[in-house]
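Visitor: Could you walk me through this one, a question at a time?
Guide: Gladly; here is what we will be looking at.

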Amino acid sequence: MSDASIVELLAELDALIGLAPVKEAIHRLVAIRQLNAVRAAADEPTIAQSLDLVFAGDPGTGEDVVARIVGRLYAELGVLAQGHVVEVTRIDLVGATTEATQAQVLAAVTAARQGVLFVDDAHLLIPQSANDLGGVAIASLVAAMGTRTTPFAVILSGPTQAMELIIEHHPALHVAFENMIEFPRYTPDELLAIFRQESGHLQIEVSPAVLAAVRNHLVEIYDGGRFKTARYVPDLVGEMYARLATRTMSDGVADADERRAFAVADVPPAAAAALMDTSLRVGFSGNLAR
């Protein structure tokens, strides 16, 4: 166990924008592991703690980033030898037949040994018809978890109600997933902070006037209930970059000041954002983005 590395990883977690209850939950899990290690070394009794987790909440709230940090924490805590994260979705686990599905789940589990199997959008495994093999994938995963001889952790991620439904229909998961961590929706101000971060990566300046315009854009969409995740922000930056390019390259030349700063005119109207009912952004309307 490397205390310095654990401190660094927790600092990396704490540096993420928002996610206060998630950070608190991970700190708590780490503290329990650390106390268990100290007590075990002194031949004192400890409380058993599952490696498996459920990340419940809207997609696009940082579940994959946190899962990778958890994997590295598990390795530093000494509970997993590697702590690598194997990320899978329904397409990776569900095959054309029952046998193919079982084989794909086994392959994913094998790849995750001594690490973490992160099942993103796990709710998509819930069967939608009698012929849907998503249920076979869940059952195969539950069986693999119950017979694991080589340690590995499983993290399921998906909407809260769907995660509760999966656990309800698979009683064996009640114990395995004793730790359900709720990922909160980002606020407009947290989304604005992500916007500033994304713009910084592009080395594009954002003036107070532009920040105010972007915040108004985010608030209007947020208040309308049309999105709740961070997945929208990189696409918003992409749309603004396209507008910046169109504006500055109209004469074929863009000076340094022009190409390195967004303008208020680059912020699209909220009506230009095309979103699905699931609150996931699917693009900007070409007709409305002007």
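Predicted model: local features only at pLDDT ≥ 70, side-chain atom pairs only at ≥ 80, totals over all residues.

Guide: Residues are numbered from 1 along each chain as its sequence is written, and side-chain values use heavy atoms, with hydrogens and water left out.

Visitor: In what order do the five strands of the open sheet lie?
Guide: Strands here are DSSP runs of E with at least two residues, helices are runs of H or I with at least four, and both are numbered from the N terminus. Two strands pair if DSSP finds at least two bridges between them. Strand 2 (85-88) and strand 5 (180-183) each pair on one side only, which puts them at the edges. The pairing is parallel, and the order is 2-3-4-1-5.

Visitor: Which residue in strand 5 stands opposite Ala-56?
Guide: Strand 1 (residues 53-57) runs parallel to strand 5, and four bridges join them. On the strand 4 side, Ala-56 faces Gly-158. In strand 5, the residue opposite Ala-56 is Glu-182.

Visitor: How many of the five residues of strand 1 are buried?
Guide: Buried means under 20% relative accessible area, exposed means over 50%, and partly exposed lies in between (1.4 Å probe, protein chains only). One side of strand 1 has Leu-53, Phe-55 and Gly-57, the other has Val-54 and Ala-56, and all are buried. Strand 1 is therefore largely enclosed by the rest of the structure, its buried count being five of the five.

Visitor: Why is the pair of Phe-55 and Phe-183 called tilted?
Guide: Rings of Phe, Tyr and Trp (its six-membered ring) pair if their centres lie within 6.5 Å; planes under 30 degrees apart count as stacked, over 60 as edge-to-face and the rest as tilted. Phe-55 in strand 1 and Phe-183 in strand 5 are 128 residues apart in the chain, and both are buried. Their ring centres are 4.8 Å apart and their planes lie at 50 degrees, so the pair is tilted.

Visitor: Which helices give two or more residues to the lining of the largest cavity?
Guide: On a 1 Å grid over the protein atoms alone, a cavity is a set of points where a 1.4 Å probe fits but cannot get out, and a pocket is an open set with protein on both sides within 12 Å along at least five of seven lines; lining residues have an atom within 4 Å of a point. The largest cavity holds about 80 Å³ of space, and its lining includes Ile-26, Val-30, Val-70 and Tyr-74. The elements giving two or more residues are helix 2 (20-41) and helix 3 (63-77).

Visitor: What is the volume of the largest pocket?
Guide: Its lining has 18 residues, with Gly-62, Val-65, Tyr-186, Ile-194 and Ala-230 nearest the centre. Helix 3 and helix 9 (188-201) each supply at least two residues of that lining. The volume of the largest pocket is about 400 Å³.

Visitor: Is Asp-43 buried or exposed?
Guide: Asp-43 has a positive phi of about 60 degrees although it is not a glycine. Asp-43 lies in the loop between helix 2 and strand 1. With a relative accessible area of 71%, Asp-43 is exposed.

How values were computed
Points joined across faces, edges and corners; volume = space filled by probe spheres on them.
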